[in-house]
Amino acid sequence: MSRTVVMLLAGGVGSRLNVLVEARAKPAVPFGGIYRLIDFTLSNIMNSGLERVGILTQYKPLSLMSHIGSGEAWDFEGRTRGIKILPPHTGKKDSDWYKGTADALRQHLDYLTRYDPEQILVLSGDHIYFMDYTPMINLHRAQKADLTVAMMEVPIQEAVHFGTGIVNGQGWIVDWEEKPKKPRSNLASLGIYVFRTDYLLDALRVPQTLDFGKDLIPSAVKKDRVLLYPFTGYWRDVGTLAFYFEAHQDLLNPASGLNPEAWGIQSNPEEEGLRGDRSPVIVHKNPKVNRSILSNDTIIEGQVIGSILSPGVRVGQGARVLNSILMHDCQVEAGAFLNRVIMDKKGRVGRKAYLNGQTTIPNREFPEQLHEGLLVIGKGAQVPPGIRIQGNSIVYPWIKEDDFSGDEVAEGMTIRPRTVTP
Amino acid sequence: MADILAFILAGGRVDELSVLTFNRPKSAMPFAGNYRVIDFALSNLMHAGINRVGILSQYRSASLITHIGNGASWDMTGRHRRVALLPPSTGQMESDWYKGTADAVAHNQEFIWEQGPDLVLVISGDHIYRMDYRELITFHQEQKADITIGFIKVPRPEAHRFGVGVIEKIRGLPGGRLKAYQEKPDQPPSQWASLTIYLFRTSVLLEILKTIHPRTHSEGIEFGRDILARLVPHYRVFGYTFEGYWGYTRTLDEYWQTHMELLNTKSRINLKQWEIRTNLNHERIRERQPAYVGPKAILDQVLLTHGCIVEGTVKRSVLFPGVIVEEGALVEDSILFFDTVVESGATVKKVISDKLVRIGEKARVGGGEVQSPNESFPDPLTSGLTVIGRNTHLPPTIRVGANCILYPFLDEDFFRESDIPSGATIS
């Protein structure tokens, strides 16, 4: 497998995740208590025995870079192993930001060719799945394909969100539709590609080739050897707040197939002070804890049901946390109530505050992004005691208590910092 | 700050901990889910900026070697930082096993010469406490002491179990001149018990070590028992008084009590505030996912760690990484080490199980009304604890009483009886 170089596309903005991507790239969004989205792909790479990884970053890469560090957490340190962050670099043109996935690779041809790989595995860093890439690479080589695309059957109505392929009887992809309005096929691309190196280099010579899904693959299927690699198993895009929430519910359901530890998913416990050697979980007297995930250093004195708690979360006496996702170091003070809340790191909910995500009224400002009855609290936000916040509301990061006016926030509101009028 | 080299005495073998120390020194005993006992000493050193450390160990040190790794967990790697495990080495004598704490340090004088420190700090790796050694060091330097020994006040009836010092406290300072020292005296002259924390001026330590002749001490040479008392008249020896929490867990009962204390809201052991660090690679702690609590689980006063899966009922217990409590199982007042499995319908009361123990369906282990002390182990095992050695698998529906000791690596087939009475030892 030493002849494979992995290019991991980690530049995704993921804007539909709203305040969760306010200060981080989508692959760096926390998941499942102790992970970030990119951990799933990085761990799959590690567990497949692949050793050379380039990570293409662009959008708000800071937390991503500190998370990846030296790559030691995924065993990418060593003489023949390495992980390299590849940011966009200034070239001859005015703007050299990546114009698409293929364009991003074109800017790093030197890395692509440095290790003289036979094939290049292109992955994206924001999906939740478990896959050994070895059989796919083996199939690609055995069939002498130019390009192999991993695809999964999805319900036909969901195919509209994906690149879809039409496959002939021998498993070759002969036609392609990118996010079709009326899909002809329910075979959806997972954004996992194996390229023959020479083939990719040739394709990237065409300057109009900016994106794999939109440009490269549609033309490739017409004339070149593009092979299907069928994937079955758990795979999930968590690009919307609702998908993100549902994937967390899968964690609480052992039958869902989502099982990070069994999949060998590694995170980086040493990252930016979020040390893994935090103290254990402490559940105090007379709480009620059911169907939940608890990370180290959480202290529970109240009720926690159907929720995922990251390290450092506090649930005070008499507080109730239902169907919620609380990231690192969130504080829920005594008597507070949370239902269907996604709370980014370091937030605080004051005593007896009442936060209920459940509603049918969509967010007024972002009706497309938030309409499924959730409440989203940005990083470091301070929710004042006694307040009532209704569903599909968004509280911006680092909001202070006095940014709220009144003691009730109606459905679908967005709370931003108060602008200071002189 | 002065240039300091530390030695951790980590070789202590303790019969009192029974099957739990068959395969590990006490310093490598698991503690509070994520930790080993030696993490406390190592973390204290780290926080004091002391990053050149020798660990003296000879008894069953494999788990200790794994745990220490390269020392990176305590930030002890780098050009001028190191943590070295110093096992006994073959010398000119027939047997150069360490014969006591002072002998162990004496064997490693070369390590001291090589590092050339101003001061040598000798501490035990067996204790649960948080202490800023910098205060001790400052006190030592201000008093121009040759030797400073750490003490803590213990209840008078306990004092006879320790080295006891008579300290002439200096007003406003944490300690004073040490007037006398007695090891485990029948009539303790004070309540100041030694913490096994000794700070030496390097030249003084080397001078003392020269006087050591292991052959004249058939029972080995211990700092506490054989050396400290006779230093008092000849050197500037000071006692430093410590006022924090100190846990020494010498017996199974104390070990259990200390864990129960962790579950108390007002616990004096504050693992978070103390910033205790550990090696997350050991027992794959970092690879495990957060704890999962199932839909029917009941938790009440529980300490949980990553990798745990709880579907049953757990009360007043400490679950180490990877422990599984199946549906309908009940765990009370127990400490379950790594990857212990309690199968459905089993009941576990007042049990300490070592790692990879499996308790079969509907088994009933520990507790019970009528309790006889452990026959082969009568001294410490009278409190009703039952202890199970690592990898032992108890068959379904078996009954095991209180004060029992089950040896490691016993298979299901090994248990012919369906009832193991209180006080039995099964080996």
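Predicted model: local features only at pLDDT ≥ 70, side-chain atom pairs only at ≥ 80, totals over all residues.
Q: Does Leu252(B) count as buried or exposed?
A: A residue is buried if 20 or more other C-beta atoms lie within 10 Å of its own. Leu252(B) has 25 C-beta neighbours inside 10 Å, and therefore it counts as buried.

Q: Which residue is the bridge partner of Ile8(B) in S4(B)?
A: Strand S4 of chain B, residues 52-56, is mostly covered, with four of its five residues buried. Strand S1 (residues 4-9) of chain B pairs with S4(B) in the parallel sense over four bridges. Within S4(B), the residue that partners Ile8(B) is Ile55(B).

Q: Which residue in S5(B) does Gly54(B) stand opposite?
A: S4(B) is also joined to strand S5 (residues 82-86) of chain B, and these two strands run parallel with five bridges between them. In S5(B), the residue opposite Gly54(B) is Ala84(B).

Q: What percentage of the 427 residues of chain B count as buried?
A: The C-alpha atoms of chain B fill a box of roughly 65 × 50 × 45 Å, taken along the principal axes. Among contacts in chain B between residues at least 6 apart in sequence, 60% join residues at least 24 apart. The buried part of chain B comes to 54%.

Q: What radius of gyration does chain A have?
A: Chain A has eight helices and 33 strands, and its C-alpha atoms fill a box of roughly 65 × 50 × 45 Å along the principal axes. Of its 422 residues, 50% count as buried. A compact globule with 422 residues would have a radius of gyration near 22 Å, and chain A agrees with this, having 23 Å.

Q: Which strands of chain A stand at the edges, each with a single partner strand?
A: The open sheet of chain A has seven strands with parallel pairing, in the order S15-S18-S21-S24-S27-S30-S32. A strand with a single partner has one side left without a neighbour in the sheet, so the edge strands are S15 (288-290) and S32 (408-409).

Q: Which residue in S21(A) does Gln303(A) stand opposite?
A: Strand S18 (residues 303-305) and strand S21 (residues 320-322) of chain A run parallel and are joined by three bridges. The residue in S21(A) that stands opposite Gln303(A) is Arg320(A).

Q: What phi does Asn18(A) have?
A: Asn18(A) is found in the loop between strand S1 (4-9) and strand S2 (30-31) of chain A, and it counts as buried because 21 C-beta neighbours lie inside 10 Å. Most residues other than glycine have a negative phi. Asn18(A), which is not a glycine, has a positive phi, near 55 degrees.

Q: What phi does Arg291(A) have?
A: Arg291(A) is found in the loop between S15 and S16 of chain A. With 18 other C-beta atoms within 10 Å, Arg291(A) is partly exposed. Although Arg291(A) is not a glycine, its phi is positive, at about 45 degrees.

Q: Which element gives the most to the side of chain B that touches chain A?
A: In the contact between the chains, 29 residues of chain B meet 26 residues of chain A. The elements of chain B that give two or more residues to this side are strand S14 (291-293) and strand S15 (298-304). With six residues, the element that gives the most is S15(B).

Q: Which residue in S14(B) does Ile293(A) stand opposite?
A: Strand S16 (residues 292-294) of chain A and S14(B) pair across the two chains in the antiparallel sense, over three bridges. In S14(B), the residue opposite Ile293(A) is Tyr292(B).

Q: What ipTM does the predictor give the complex?
A: For chain B, the mean pLDDT is 90, and 94% of its residues reach 70 or more. For the complex, the predictor gives a pTM of 0.91 and an ipTM of 0.88.

Definitions and conventions. Residues numbered from 1 in each chain as written. Chains lettered and ligands numbered in written order. Contact = placed C-beta atoms within 7 Å. Pairing = 2+ DSSP bridges. Buried ≥ 20, exposed ≤ 12 C-beta atoms within 10 Å, placed from the backbone. pLDDT = per-residue confidence, 0-100. Rg over C-alpha atoms; globule rule 2.2 N^0.38 Å.
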